[in-house]
Amino acid sequence: MKRQNLLFLAALVTGSNAFPFPSLWRGAKRQVETDLNDVDILRYALTLEHLENAFYRDGLANFTLADFAAAGFEYMYENLQDISAHEAAHVEFLTAGLQAAGVAPVQECEYAFGVTTVDQFIATASILEGVGVSAYLGAAKQIANKAYLTAAGSILTVEARHSSYLRAALAKSPFQQPYDNPLSPNGVYTLASGFIVSCPEDNPTIPLRSFPGLTVTTTGAITSGQTIDVQTSEYVLALADAKAHLAAAFITANGPVWAEMTEDGDGMNFQVTVPENVYGQSYLLFSNCNETVSDETVVAGPALVEISKAAGGQASTFQVASFTNTTLGANATFTKRTMNV
């Protein structure tokens, strides 16, 4: 199977000649993360829903009510069945929309979630729902057609309810900050590529690219003000010249929040201090610009890190192709190579 066919994201954006809607590029030029047309984005959203649908469908087939009871989550079983039904409905909705537009919908891929216990299932579900919320939110600014905006918003709010419910079940705050964090299509693709093993060869491609991975190796609860250890997933980040520099940023709705960063001198091991007022499921990126973060400035990441307001609870870190805790085993390896910043 072709790797470029491995696609994942929750987004709805317009701008295609295939649909009778205004072009995304009409008017003044502006910077956007990904050049996707209407058909790309509808397929893009469907790919996310295929992934979530497969996750819940297969997970609930593998674990019984007795399994959930033994893990202390019997009360969640019926609600998780409802969540699974929601994801299946989203697949049907987007598939029907593409077919009505006269274009072929993408088909379900083969996935590797690495889930072997109920605890892992719920932890992975929480991360998937959080990334889904960030993905829809990150794409909202690109939506030109108001009908698509309403459709995307109706899915986004349901995904947010899923996320809050799962976070509360894991003894995490269901709403740790007043604004959710948006994430660009390429950023989400970077995080999601580790779940996808292969896709049908005739699935259409979407113009996405992944960034070099970041891994947060600090274990236990992570809080604001704490210094965490970060690795570059076997990529060596090297300054191209004396004028080059590397900056660390956490992505928020109000733009990047810059973080103090030091490195061990090997281009692979770094220490980042979590800024104040950054909480919940957050995204850490390395940029070659300390004024803005865009797909043109990202050097590595995002790494997903759960940030608590107070000590206690379980920290969750995520990297491209693998979780760093017991939630998911690595599904891919990377060749060590030097990348100029």
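## Exercises on helix H5

In this predicted model, buried residues account for 54% of the 341 residues in the protein. The protein has six helices and 14 strands.

**Exercise 1.** Compare the reach of helix H5 with the span expected at 1.5 Å a residue.

*Solution.* Start with the limits: H5 covers residues 146-169, which is 24 residues. Next, take the expected span, 34 Å. Then take the reach from first C-alpha to last, 35 Å. The two values are close. Finally, look just past the helix: Ala171 has a positive phi of about 65°.

**Exercise 2.** Find which residues of H5 are buried, and which elements they pack against.

*Solution.* Apply the cut-off first: buried means under 20% relative accessible area. The buried residues of H5 are Tyr148, Ala151, Ala152, Ile155, Leu156, Glu159, His162, Ser163, Leu166, Arg167 and Ala169. Now list their partners. Three are helices: H1 (38-62), H3 (77-100) and H4 (118-139). Two are strands: S10 (280-287) and S11 (298-307).

**Exercise 3.** Describe how H3 and H5 pack: what are the angle and the axis distance?

*Solution.* The angle is about 160°, and the axes lie 12 Å apart. Angles over 145 degrees count as roughly antiparallel, so H3 is roughly antiparallel to H5. The crossing of H3 past H5 is left-handed. On the H3 side, the contact uses Asn79, Leu80, Ile83, His86, Glu87, His90 and Phe93. On the H5 side, Ala151, Ile155, Val158, Glu159, His162, Tyr165 and Leu166 take part.

Methods:
Residues numbered from 1 in each chain as written. Predicted model: local features only at pLDDT ≥ 70, side-chain atom pairs only at ≥ 80, totals over all residues. Heavy atoms only, no water. Helix = DSSP H or I, 4+ residues; strand = E, 2+ residues; numbered from the N terminus. Expected span 1.5 Å × (residues − 1). Buried < 20%, exposed > 50% of the residue type's maximum accessible area, 1.4 Å probe, protein only. Contact = heavy atoms within 4.5 Å. Axes fitted to C-alpha atoms, helices over the stretch in contact; angles between N-to-C directions. Parallel < 35°, antiparallel > 145°, perpendicular 65-115°, else oblique. Left-handed = near helix turned anticlockwise from the far one by under 90°.
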